[in-house]
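Student: Could you take me through one part of this model up close? I'd like to hear about the place where the chains meet, and then a bit about the partner chain.

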Amino acid sequence: MKLWATIAWLAFLFSVPLWMGDLYVLHILIITGIFIIAAMSLNLLLGYTGQLSLGHVAFFGIGAYTSSLMSLGFEVHLLPNWLVKLEPKPVWLGMLTGIALAGACGWVIGKVSFKVRGAYFVIVSVSFAEVVRLVALNWVELTQGPMALNNIPVLRLGVPGWFEFAFLRKPANYYLVLVAAILSYVLIRRLVSSRAGRAMIALRENEPLATSVGVDVTRYLVLATMIAAAMAGAAGALYAHYVRIVDPDVFLFIYTVTMVIMVVAGGKGTLAGPIVGGLIFGLLPEVLRAAAIKPEVQWVVYGVLMILVVYFLPEGIVPAVRNWWQGRARREAAEPPAGRPAAEAAR
Amino acid sequence: MNARAGIELAVDALTIRFGGLTAVDGATFEVRTGEVLSLIGPNGAGKTTAFNAITGFIELTGGHIAYRGQRLDGLKPNQIAALGVVRTFQKTSVFTGRSVHDNVAIGLHLRSRQTPLAILLGLPSVAREEKELAKEASQILRFVGLEARAGQPASSLPYGELRLLEVAVALAAQPKLLLLDEPVSGMNPVETDSFMKLLAQIRGQGITVLLVEHDMKMVMGVSDRIVCLNHGRVIATGSPAEIQRNPEVVRAYLGERYARAHG
Amino acid sequence: MDQLLQHGLNALILGGTYALLGIGLTLIFGIMRVVNFTHGELYSFGAYMMYACVMLAGANFFVALVLAVVLGIFLGAAIELVLLRRLRGADIDTTMLVMIGAWIALQNTEQLAWSGVAKSIDNPFPATPLVLGPVSVSWNRLFVFVVALALIVGAYALINRTRLGKAMRATFQDRDTAALMGVEIGYVHTATFAIGSGLAAAAGALLGPVFVVYPTMGDLASLKAFAIVILGGLGSIPGATIGGFILAFMEELGAGYISSGFRDGMGFLLIILILLVKPTGLFAQKERIG
């Protein structure tokens, strides 16, 4: 995108809370923004590196739970006579820990994924997410299980004693998520246009050739998974301190599916893909709800849409639009406006 | 194993078995620094298998391989590439979805030193290095004659140019020893001639070349020495003239008519 | 000790139906290389068809069972013909995504049709369980076990003694050569998907009356089926059978002696452990090519 277009688009995004009076719409935008961050991270793994990771929601949830638990504090018996206690910590510290822990899990999964490729890795990743969900559901002492973690504090930034800003209201959270999303985009973009990004793409396109010129497969799989996991963890942490309730449902497979649809339909392996996909599939449920359509129908629509996209726009919406645009420009450049004389003659 | 002066690659009693099949059976040969050595032999003689073993794509059943004294067997392909041993593939192998320029840029992977942290932080050294890499990629494309195709997708290239791109990608990895697996197969005589000139230039850069080829005109034209394999064993080693006269080779491979015509 | 025996017996019975799920998926995953996310939906489809026939249409229990399986076979064939045919030769991501889309669509259609309330299905067996010394088993479950065993034997016979089975085995080993030898790959694929789906539907139809029927019951079934396939090795019917029983035993023992909440987690832990240690599964066939 050209520079002026980018600036205009950003200016528009930053202006939204100033004129959007409907707080519900802001809420939808915030949630969509969080999902877009998660989708961008999945795109790094699924789109650029070509890893069929279907357990991505695990990193999201780990980020959410870690950050919440750190900021709420907890008491848990790791062994019958060994009590581990943590006092509540500032939210920003919780968030950073959540990101770090999610990234660490990504490191582990990345190492595993080298041994177990293709369809088997799909299953491992799904199983991993399910195990984490079951842990969250059953380790009630730590996570409150289905009763959920409540009253999660909001992010507060500032200098203690001097001033402090609490991200309590929707406009504040909108800006927080927007800045986080822009940061995520910049990081991903830097990565994929660098030697590391080229290595990841090379792994996806032609692994033997990539290794023959020196690309270390394990290293870049692990790197991609780690960064994707950390970013998803960040999205999860943002989510936790915005909605302020976190329960094991955050690990449901259906959320991974949502992210996958966003990436695939938007255009995997493109920078704009997850954003476009995220906007469409983040806002679509609201449009359908406004039309008084039951949530089940919405999911049926999602499922059918996914199938149709895979059949007719296999690379996703962004590449399809790009190709169409380029094709049109090429056609117009090739053909002089020869139709005019004929049209005039016909008059 | 100590490096003997002037020996680039030492293959010692190389044996490779798959299931019940012995693809390479105690093959021993060496590649001298600066030379162009060709591996010839009928189909199934074990040439590509040997290549795969040398570059770490398959495991050896027995024997050793050493590059300038350093053991290669047991190393992963990317580690072997980092030592300076780079190969091309028998079946055309490029990054089809990427542009010609990007293909070479990927090949320059080992050249670059940017760390992930520096990349994420967007340090100016990263941007500087990217510019240098772009220049190098253009240079390499000019060297093989593909600079006009830089922006085009690799998939749009005609066959002959695809094979040139393969060589460009391999060259980007800065090989000291370049292994070319049937580089001119499928090329017409004009393209083959062109490639022979390119090979001379590669050699002029000080790169040692190990070549697998069936095109006898090319083999006889570019090689300093030739090693002939049959049924996984080395049956002859020597200069092109010696190989042509060697009765074993003639019988196994070259055919009576060629020998009579050129002997 | 008595508890252990009871757990063992429960596991044996559960294992039979798990084996059906596993065999169905190992055939589909193995022969067609499709990550079949709809497998669980066929399982719940079978259960819902039982419900519809027995509770709504008042049909005979055994007739309903047969009908449910037959309908499952048809649904499987339909999915293959409508969705997968055109994707022949596409990479595994593409088919996987289509299967996910189909899974979502199917599950929510089921939710719309039947609502989320769990349904129970009456069975014609005596209510008092059969007591065999220290253990007891309900007649319903015994019936399930017997039918499951029969179907397992039937599947084994189909694969190893019929022409279709031979064609399926050939396609599994080396698709291209099989095609060159005159095997109708399209027909084999449709048949494989149909049979695999039929087995899943059978498992659902058998277990529906034992437990309750609800729209998301297929999800766990799907994941367990994958666990069994990985445990037993891709394409191996004996492996899937043994894998089914192993999973059932681990679940029963885990639920009985560790925590009932982790029952379902057993399967996933198994998957992860096995894939880390021996990625090809416990009973992988060595002749696997391609």
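Tutor: Let's say two residues are in contact if their C-beta atoms, placed from the backbone, lie within 7 Å. By that count, 20 residues of chain A touch 29 residues of chain B. This is a predicted model, where local features need pLDDT of at least 70, side-chain atom pairs count only at pLDDT 80 or more, and totals for chains, interfaces and linings use all residues. Residues are numbered from 1 along each chain as its sequence is written, and chains are lettered from A and ligands numbered from 1 in the order in which they are written.

On chain A's side, the elements giving two or more residues are helix 7 (170–192), helix 8 (195–205) and helix 9 (207–212); helices are DSSP runs (H or I, at least four residues) and strands likewise (E, at least two), numbered from the N terminus. Helix 8 of chain A gives the most, with six residues. By class, that side has 10 nonpolar, five polar and five charged residues (Ala, Val, Leu, Ile, Met, Phe, Trp, Tyr, Cys and Pro are nonpolar, Asp, Glu, Lys and Arg charged, and the others, Gly among them, polar).

Along its principal axes, the C-alpha trace of chain B spans about 65 × 40 × 35 Å. Of the contacts in chain B with a separation of 6 or more, 66% are between residues 24 or more positions apart.
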